[in-house]
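Morning, everyone. Please bring the structure up on your screens, and we'll go through a few residues.

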Amino acid sequence: MALLSELVSTCEAHRLDTGATLTVFARRLREAGRVSKAGRGRGAAHMTYLDAARFLIACAATDHPERAADAEYAFSNITLSDDNQWCKAFHLTPENAPTLDIALAKLLEGIATGEIDAIQQAKNEERRPGSAFRIPPFFGLILRRSHVSASLRVMEGYYHFQHPTLAAIVAAPDYLAQKPLMEALERDTYRFRTGKNLIAELDEKLLRAVANLIAGKTE
């Protein structure tokens with residue numbers, strides 16, 4: 001089991017950001033109650049997969065660690081859309097992964113338990129029975145700040161997450177019904193559409209390192 005300080009160190013080692021900056025991200029999330037918290041030192045809380053997912057989402061969602069809690073909450077709660085290409089062996093649905101933080105936590109757990117590797121191994125064997133050639137599993141997260149959206153890649157599957165108000169706008173029957181929803185979306189997302197409207201990517205190496213850390217595995 002890993003401490004928040006160890007999560008910071010692992011992410012720093014994988015160049016997510018500097019240790020000092022990541023420490024501020026961690027502190028702000030802990031103060032907001034968005035990651036597990038207990039005492040300090042030996043009595044500090046052990047991180048869960050959900051804690052790790054929220055920490056990673058915060059770091060991807062903003063360059064300003066003082067805004068970590070706000071950015072993390074907004075992006076963690078974007079919802080799984082209907083426009084997806086499913087990974088049949090690792091199927092995320094609105095029921096088992098309704099929001100981005102839960103979906104990313106499930107992926108981290110699948111990596112740590114070996115489920116993702118086992119699925120890919122079976123695919124390799126199906127393609128080339130008996131061959132020593134092995135394609136590694138591909139997974140990652142792309143987060144689009146200006147759209148307040150994200151895409152989670154799990155092997156052949158693509159899972160798209162969007163602001164819940166956007167889904168309501170699409171489902172609205174006419175412009176009169178859409179107008180107040182569009183105004184609400186504008187209010188909720190404007191702060192992310194100013195300044196650096198970047199696309200952040202969390203790659204396989206980082207996600208695997210974090211997953212193994214939470215599981216207590218050494219790389």
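Tyrosine 159 is buried, at a relative accessible area of 0%. Keep in mind that this is a predicted model. Now the aromatic pairs. The count comes to two. In one of them, phenylalanine 75 meets phenylalanine 192: the ring centres are 5.1 Å apart and the planes sit at 80°, so this pair is edge-to-face. Phenylalanine 75 is in helix 4, and phenylalanine 192 is in the loop between helix 8 and strand 5, so the pair ties together parts 117 residues apart in sequence. Both phenylalanine 75 and phenylalanine 192 are buried.

Back to tyrosine 159. It pairs with tryptophan 86, and that pair is tilted: 5.6 Å centre to centre, 55° between the planes. Tryptophan 86 lies in the loop between strand 1 and helix 5, tyrosine 159 in strand 4, so parts 73 residues apart in sequence are tied together. Tryptophan 86 is partly exposed, at 34% relative accessibility.

Next, threonine 62. Where does threonine 62 lie? In the loop between helix 3 and helix 4. Buried or exposed? Threonine 62 is buried, because its relative accessible area of 8% is under the 20% cut-off. A polar atom of its side chain lies 3.0 Å from the backbone nitrogen of histidine 64. Leaving out residues up to four places away in sequence, threonine 62 touches Phe25, Arg67, Ala68, Ala71 and Arg145.

Last stop, leucine 7, in helix 1. Leucine 7 is buried, at 0% relative accessibility. With residues up to four places away in sequence not counted, leucine 7 touches Ala52, Phe55, Val210 and Leu213.

Note on methods. Residues numbered from 1 in each chain as written. Predicted model: local features only at pLDDT ≥ 70, side-chain atom pairs only at ≥ 80, totals over all residues. Heavy atoms only, no water. Helix = DSSP H or I, 4+ residues; strand = E, 2+ residues; numbered from the N terminus. Buried < 20%, exposed > 50% of the residue type's maximum accessible area, 1.4 Å probe, protein only. Polar contact = N/O pair within 3.5 Å; in protein donor to acceptor, adjacent residues only side chain to side chain. Contact = heavy atoms within 4.5 Å. Phe/Tyr/Trp six-rings, centres within 6.5 Å; stacked < 30°, edge-to-face > 60°.
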